[in-house]
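I opened a new page for this structure.

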Amino acid sequence: MSIIIKDVAKNFGSFQALSDINLEVKDGKLVALLGPSGSGKSTLLRTIAGLEAPDRGQVFINGQDATHVDIRKRNIGFVFQHYALFKHLTIRQNIAFGLEIRKQPARLIQNRVEELLALVQLEGLGNRYPSQLSGGQRQRVALARALAVQPQVLLLDEPFGALDAKVRKELRAWLRRLHDEVHLTSVFVTHDQEEAMEVADEIVVMNQGKIEQIGAPAEIYDHPATPFVMSFIGEVNVLSPSAIQFEPHHALPENADSVFVRPHDFQLSRHANGSSTPAVVRRITHLGWEVQVELELPQQESVIAHLSREEFTQLHPQTNQTLFIKPQQAKVFVNNYEI
């Protein structure tokens, strides 16, 4: 089931939460709404669900105008960050709740609940209560409950935000596998760039109530459309054009005011190499799979470079040592100039 958002705007008093949003979520896709707090991503999700009414614009679900359709008639499954499970009901009763409200036959309810317990890998736990499960297990129950009524669309509002890092990572991989099984059109909200990159087919980057860019994870990371997207998706150094040297054939546009370089796009060496820039090592941080080196450039601007363990072993940098740094790739947002 596809979702089409057309010219949607929403204000809360003088605050503009959404500004002329246009978006298409194609049938069967898993789409992430990604952005910082206050970017409008949760408001957009709630507008799709019918929990918020747009001030103007339209919401189409499966080709039908759902803008003013009651939330109970939209056939949408909604998963909240804090589970919203009924504490006095067992896991089996929580999952069955929506089906019982719809007065489905008892045999159908029983079969559907057992099917979902297997799908979310909670077989044998149906008679427990939410308080007897871990946070990750409770979130799976919330997802099973949302799926029970066989919704057209699944919406998830920061579903893993209340969990610790290890459980979040496990559930991200699980959600991706689950989606590949059920192929339900899904939209989830997150402020976690890694989560969006790992789980989503497509990412919608939002900022200040507007969409900055829409694309596949690799496209968003490798070809950011705006300075905000480049700064928000992954680590980046933002330098003044005069802070670092470039090869003569990569002369920067005269009106460039900032140069964006990813930490892994620097080459470090012990000796000057063409247009390399001297830089003093100020701090070395071991991150496990790679090593982060913080350096100070001649104009006292700081830069962060990432080295693989092999590169670090070969270079063996020391604090206060002068190395020579050269950007292998950089981006300037004047006509999307790339080096």
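In which sense do strand β1 and strand β2 pair, and over how many bridges? I find β1 (residues 3-12) and β2 (residues 15-25) antiparallel, with seven bridges between them. Two strands pair if DSSP finds at least two bridges between them.

A note on the source before I go on. This is a predicted model, where local features need pLDDT of at least 70, side-chain atom pairs count only at pLDDT 80 or more, and totals for chains, interfaces and linings use all residues. Residues are numbered from 1 along each chain as its sequence is written, and side-chain values use heavy atoms, with hydrogens and water left out.

**Around β1**

I checked which residues face each other. I3 is opposite V25 in β2. I4 is opposite E24, also in β2. The hairpin of β1 and β2 has two residues between the strands, and G13 takes a positive phi near 65° there.

I then looked for another partner of β1. Strand β4 (residues 56-61) runs antiparallel to β1, joined by five bridges. In this pair K6 stands opposite Q58.

**Helix α5**

Helix α5 covers residues 165-182, which makes 18 residues. From first C-alpha to last it reaches 26 Å, close to the 26 Å expected at 1.5 Å a residue. The expected span is 1.5 Å times one less than the number of residues.

Which residues of α5 are buried? I list L171, R172, W174, L175, R176, L178 and H179. Buried means under 20% relative accessible area, with a 1.4 Å probe and protein chains only. An α-helix has 3.6 residues a turn, so residues three or four places apart point the same way.

What covers these buried residues includes the strands β3 (30-34) and β8 (185-190). Helices α3 (106-119), α4 (135-148) and α6 (193-199) are also among the cover.

**Whole chain**

I counted nine helices and 19 strands. These are DSSP runs, helices (H or I) of at least four residues and strands (E) of at least two, numbered from the N terminus. The C-alpha atoms fill a box of roughly 75 × 45 × 35 Å along the principal axes. Of the 339 residues, 49% count as buried.

Last, I looked at contacts (heavy atoms within 4.5 Å). Among those between residues at least 6 apart in sequence, 66% join residues at least 24 apart.

Terms used: Buried means under 20% relative accessible area, exposed over 50%, partly exposed in between (1.4 Å probe, protein chains only).
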